[in-house]
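Subject: Structure handover

Hi,

Here is the structure I promised you. Please open it next to this email and follow along as you read.

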Amino acid sequence: MERNSCIKGLWITGLIPAGLHARPSALTPGRSAFRITGLTSATRDALAQDLALDGGFRIAFACVPAGILVVESTSGPMRQADTDRLLPMLQNRSNQADVIPLALNAADWEAECETARNQ
């Protein structure tokens, strides 16, 4: 019992990093971010319907002004094969617009969205 109190005290004071408990990675494992040139709300809505029909993915975050779309796996971590499967679907619905996978975390895409909205 005393040992657990000591470990808890060290964790609280920062001597044991919080990362040993549950620290999210830079990229959320169940999500992939994409930049879609010319993203519109109509395209976002159509993609949401396509993803719902597919059943394996859903939109976790979208920022039309910044052209950012974050797709989330409904069945666990996002693998490269999932991202590869999503790209043609996103490109087809986006009328062959540029669709670029992004290496962003939630703070990055929210900041980009805020910047785009303030322009």
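Start with the contacts in the protein chain. Take those between residues at least 6 apart in sequence: 64% of them join residues at least 24 apart. Keep in mind that this is a predicted model.

Now the overall layout. The protein chain has 5 helices and 4 strands. Read from the N terminus, the order is α-α-β-α-β-β-α-β-α. The chain holds 119 residues, and 30% of them count as buried. Its accessible surface is about 7600 Å². Carbon and sulfur atoms account for 54% of that surface.

Next, the disulfide. A disulfide is a covalent bond between the sulfur atoms of two cysteines. The count here is 1. Which cysteines does the disulfide join? They are C63 and C113, with 2.0 Å from S to S. The two partners come from distant parts of the chain, 50 residues apart. C63 sits in strand β2, residues 57–63. C113 sits in helix α5, residues 106–117. The link of C63 and C113 is right-handed, with 85° about the S-S bond. Are these two cysteines buried or exposed? Both C63 and C113 are buried.

Then look at two helices, α3 (residues 41–54) and α4 (residues 80–93). Their axes come within 10 Å and cross at roughly 140°. Angles over 145 degrees would count as roughly antiparallel. The crossing angle is roughly 140°, so α3 is oblique to α4. The crossing of α3 past α4 is right-handed. Which residues meet there? From α3 come T43, A46, L47, D50, L51 and D54. From α4 come R85, L86, M89, L90 and R93.

Pick out R93 in helix α4. R93 is partly exposed, at 36% relative accessible area. Set aside residues up to four places away in sequence, and R93 touches T43, A46, L47 and D50. How far is R93 from T43 in space? The answer is 6.8 Å, C-alpha to C-alpha, although the two are 50 residues apart in sequence.

Move on to G56. This glycine lies in the loop between α3 and β2. Is G56 buried or exposed? Its relative accessible area is 18%. Buried means under 20%, so G56 counts as buried. Beyond residues up to four places away in sequence, G56 touches L51, E72, S73, T74 and S75. Take E72 from that list. G56 and E72 are 16 residues apart along the chain, and their C-alpha atoms are separated by 8.5 Å.

Last stop: F34, in strand β1, which covers residues 31–36. What is the relative accessibility of F34? It is 0%, and F34 therefore counts as buried. Now find its contacts, leaving aside neighbours within four places in sequence. They include G67, I68, L69 and V71. F34 also meets T83, L86, L87 and L90. V99, I100, P101 and L102 are in contact with F34 as well. Check L102 on screen. F34 and L102 are 68 residues apart along the chain, yet their C-alpha atoms are separated by 5.2 Å.

Best wishes

Terms used. Residues numbered from 1 in each chain as written. Predicted model: local features only at pLDDT ≥ 70, side-chain atom pairs only at ≥ 80, totals over all residues. Heavy atoms only, no water. Buried < 20%, exposed > 50% of the residue type's maximum accessible area, 1.4 Å probe, protein only. Contact = heavy atoms within 4.5 Å. Areas by Shrake-Rupley, 256 points an atom, 1.4 Å probe, with all protein chains shown as cover. Disulfide = S-S within 2.5 Å. Axes fitted to C-alpha atoms, helices over the stretch in contact; angles between N-to-C directions. Parallel < 35°, antiparallel > 145°, perpendicular 65-115°, else oblique. Left-handed = near helix turned anticlockwise from the far one by under 90°.
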